[in-house]
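Please find below a colleague's note on the model under review. The points follow the structure shown here.

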Amino acid sequence: MNLTGAIVLYAVLWFLTLFVVILIGQQSQQDAGEVVPGTPAGAPADLRLKRKLIWTTAIAAVIWAAIAVVILGGFVTRGDIANLDRVFR
């Protein structure tokens with residue numbers, strides 16, 4: 001894995017993790033009982049974006065590190081991936 005591949009892998013993992021983390025603990029304005037005029041009732045009441053971005057960065061780093069260990073440690077090689085078609089016949 002080269003530097004560009006590592007950065008792209010981390011970016012993809014970060015955004016995938018963000019889409020999961022941003023929904024955790026979300027409460028709508030309707031559930032909170034305080035609907036701001038001009039917004040839909042399903043809009044988040046308190047997003048706490050900074051906290052969720054920090055959690056996203058930490059979780060994505062752990063997942064990235066695990067994948068990097070698998071790739072750089074030689075547990076899975078390109079030859080293994082090329083031979084997957086023989087395994088699933």
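1. In α1, the residues A6, L13, W14, T17, L18 and V21 are buried (under 20% relative accessible area; exposed is over 50%, partly exposed in between, with a 1.4 Å probe and protein chains only). They lie on the same side of α1, because they cover an arc of only 140 degrees around the axis, taken from the directions from the helix axis to the C-beta atoms. Helices are DSSP runs of H or I with at least four residues, numbered from the N terminus.

2. The model is predicted: local features need pLDDT of at least 70 and side-chain atom pairs count only at pLDDT 80 or more, whereas totals for chains, interfaces and linings use all residues. Residues are numbered from 1 along each chain as its sequence is written, and side-chain values use heavy atoms, leaving out hydrogens and water.

3. The face of α1 turned away from its buried side bears the exposed residues T4, L16 and F19. Among what covers the buried residues of α1 is α3.

4. Residue A45 is located in the loop between α2 (29-32) and α3. With 40% relative accessibility, A45 counts as partly exposed. Leaving aside residues up to four places away in sequence, A45 touches Q27, S28, Q29 and A32 (contact means heavy atoms within 4.5 Å).

5. V76 sits in the loop between α3 and α4 (78-82). Its relative accessibility of 42% makes V76 partly exposed.

Key: Helices (H or I, at least four residues) and strands (E, at least two) are DSSP runs, numbered from the N terminus.
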